[in-house]
Structures are given as structure tokens and as C-alpha cells.
There are 2 protein chains.
Amino acid sequence: MVTRTDHWLEKLKSTDGRVTDARRAVVDVIVSSPRPLTPVEIFDAARKKHLHLGLVSVYRTLEKLEELRLIQRVHQEQGCQAFLRAGVGHQHLLLCERCGQAVLFDGDDLESLFSRISQQTGFEIKDHWLQVSGVCAECK
Amino acid sequence: MVTRTDHWLEKLKSTDGRVTDARRAVVDVIVSSPRPLTPVEIFDAARKKHLHLGLVSVYRTLEKLEELRLIQRVHQEQGCQAFLRAGVGHQHLLLCERCGQAVLFDGDDLESLFSRISQQTGFEIKDHWLQVSGVCAECK
DNA sequence: CTACTATTGATAATGTTTTTCAATTATAGG
DNA sequence: CCTATAATTGAAAAACATTATCAATAGTAG
């Protein structure tokens, strides 16, 4: 069985990268987390699998994974350090206020809104960023 | 003429705060900026009006203004340190990729999208955050 | 004008992220 | 399997950003 971890590591390898214990541990933690994690949280969790892991390697691995668009930084009121597996294509983020669980959903059509804004402001719209929060089924 | 700076300082005063040169300088800079500014940018600009201003006072003033909801932190790819005058009610942000100019626009009706997401995910939707970027009329 | 107390600026402390560098180790090719 | 090469590692130090401490200053109410 090819896990998502394997898939990510394969992608790393195919872009001139090497598959190391440090990276395997970091990737494993992120892949199996239902919620965004900060570098230190990743470090703490990954250290259980790879005892000698250094925090610096976590930062470096995150940088690489972000370049490969396998993970994304998550911006929240309480901070913008956490990372989550990235969505495919143009997906948006839904976060539970209680447990932090993240769900990615496909973007709806916001074209009519954008054309109105474009008209009103004279801007040429290039990109947008939508994030929704609430309470998940388990936390209700 | 009552400027927006005066209005902000008045609001400060009405919540047990004092109107000082340091705050006047910081507020002036933010109020008259068309784009989000970082603490250091605010510091540099405000120092021209108030020579003895300390960076720490900028941070403290920003904290107060954010509490009063007169300013808001702006999250961008390049960082999340910048602040901008806040919108009234539920407005969203439109940013120019070139010059950084910010425009606030009234939120459209996203209810149908939310009810669909709610149905699909079991979440109870509480809040959302929409930010749009593009190229403004002057930069096109 | 005075008393009170919020605010200030300087300094130090804290926390996060990046840089440096010698040692290690994954990988391709023999 | 062995070797050469170059990417990666972990530790320490450096660079940044933000917050706490504290005595001195200055707004404000009376």
C-alpha cells in the first residue's frame, strides 16, 4: 500500500531531494494530522519517531514541502505559524473553532461578486482567499 | 474640521486612555496610509513627526487600536505584521499586488455557499474571511 | 496648580526563524 | 557491494520580532 507519506517522499525525491529519517518523521506527522500544526508541535511529535531530530530540520523540511505545494501555511487569529496538508487545485479551508480540525472544500463560484467589485473599484481581480470557521459535528 | 485622527484619539480618550504625542503620531500615519504598514514602517514614518518616539510605543499603540477595533492586522503571503484602518461592520479586503493599496468592500451574500458547506461537512458555520487581490486602476 | 496614574522610552528578556559549518548519510554509478 | 559526491543533518550562533520591566515623564481631572 502506497501511503500519502510515501507519495510525498517520492515527490521530494523526484525534485533532487533525498529521503531521510528526519523528513520521513516530519512528513508522517503532518500527513496524519487532522489539524494545522506549528513547527514546534511538529518537532515534538516527530521526535517520538526520530529521536535525534533537530528543530532546524523541521523548518527546512517545511520550507521544502511548501515549495512543492504539499503543505500550506494556515493563518488564524491566534497566529500564522501552523501548517496543513495542501488542498488540490483551488480549495478553501474550513476550521473548527473548538478542536482545530481542518476540512478542505471546493471553491464555489464567486465570479459575480468579483465582477461587481471589479466594476466598483477598477481593480483587475487576480486571486482570492476564503477561509471559513465554525464548529464541527463532533464538537457541537 | 474633525479629522479621522481626532476621531480615533477621541475614542481612545473615552476608554480610559490618554492622548499623547506618540499616539497622535502613530495614528496619523496609519490613518493617512492607503496601504497596510508594518510596525517598523509606522515607526519610521511617525518618527518624522515625533522625534523621540520609541518602537515599543508603536507596538503598544497598535495593541490598543486593535482592541478598539480601529485597525486590523492584514495577512499576506509576504507576512502578517502589517496593520490597516479597520472596515466598518463586515467588510472584506481588496489589495493591489503592485502598490499594496487597500480597498474595503461590503461583503456579498455567501449564505448559499455556507449552507452547502454546512450540509456537506456537518459544521455549523460561524465566521468567514474573504480577501481578494489584484491590480488597481493606477497600476494597470 | 496639584495629585494621580497612564504612558513613555530604554533596556533586557523572550520567542521564532535563519544562517553557518563541520560531520553525516542518501544516492547514483561503477 | 563500494565509492565518490553532494544534499542533509544537528548544534550553536545570529538575526528578527515581540513582550516585559522599570524609573522618569506627562495627561487629565479636580
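How many residues surround DNA strand C, and which are the closest? The count is 21, and the closest are Val19(A), Gly17(B), Ala22(B), Gly54(B) and Ser57(B). Here a residue is near a molecule or strand if its C-beta atom, placed from the backbone, lies within 6 Å of it.

Before going on, a word on what you're looking at. This is a predicted model, where local features need pLDDT of at least 70 and side-chain atom pairs count only at pLDDT 80 or more, while totals for chains, interfaces and linings use all residues. Residues are numbered from 1 along each chain as its sequence is written, and chains are lettered from A and ligands numbered from 1 in the order in which they are written.

(Helices, H or I with at least four residues, and strands, E with at least two, are DSSP runs numbered from the N terminus.) The largest share, four residues, comes from α4(B). Sorted by class, that surface has seven nonpolar, eight polar and six charged residues. In this sorting Ala, Val, Leu, Ile, Met, Phe, Trp, Tyr, Cys and Pro are nonpolar, Asp, Glu, Lys and Arg are charged, and the others, Gly among them, are polar.

Now turn to DNA strand D. It has 22 residues around it, and the closest are Gly17(A), Ala22(A), Gly54(A), Ser57(A) and Val19(B). At least two residues each come from α2 (21-31) and α4 of chain A and from α3 (39-46) and α4 of chain B. This time α4(A) gives the largest share, four residues. The classes here are eight nonpolar, eight polar and six charged.

Next, the strands. Six of them form an open sheet, in the order β4(A)-β3(A)-β5(A)-β5(B)-β3(B)-β4(B), with mixed pairing. (Two strands pair if DSSP finds at least two bridges between them.) At the edges sit β4 (102-106) of chain A and β4 (102-106) of chain B, each pairing on one side only. Where do the two chains join up in this sheet? Look at β5 (residues 124-135) of chain A and β5 (residues 124-135) of chain B, which run antiparallel and are joined by 11 bridges.

Finally, look at chain A for a hairpin: β1(A) connects to β2(A) through two residues. The strands, β1 (residues 71-76) and β2 (residues 79-85), pair in the antiparallel sense over five bridges, and Ile71(A) has Arg85(A) as its bridge partner.
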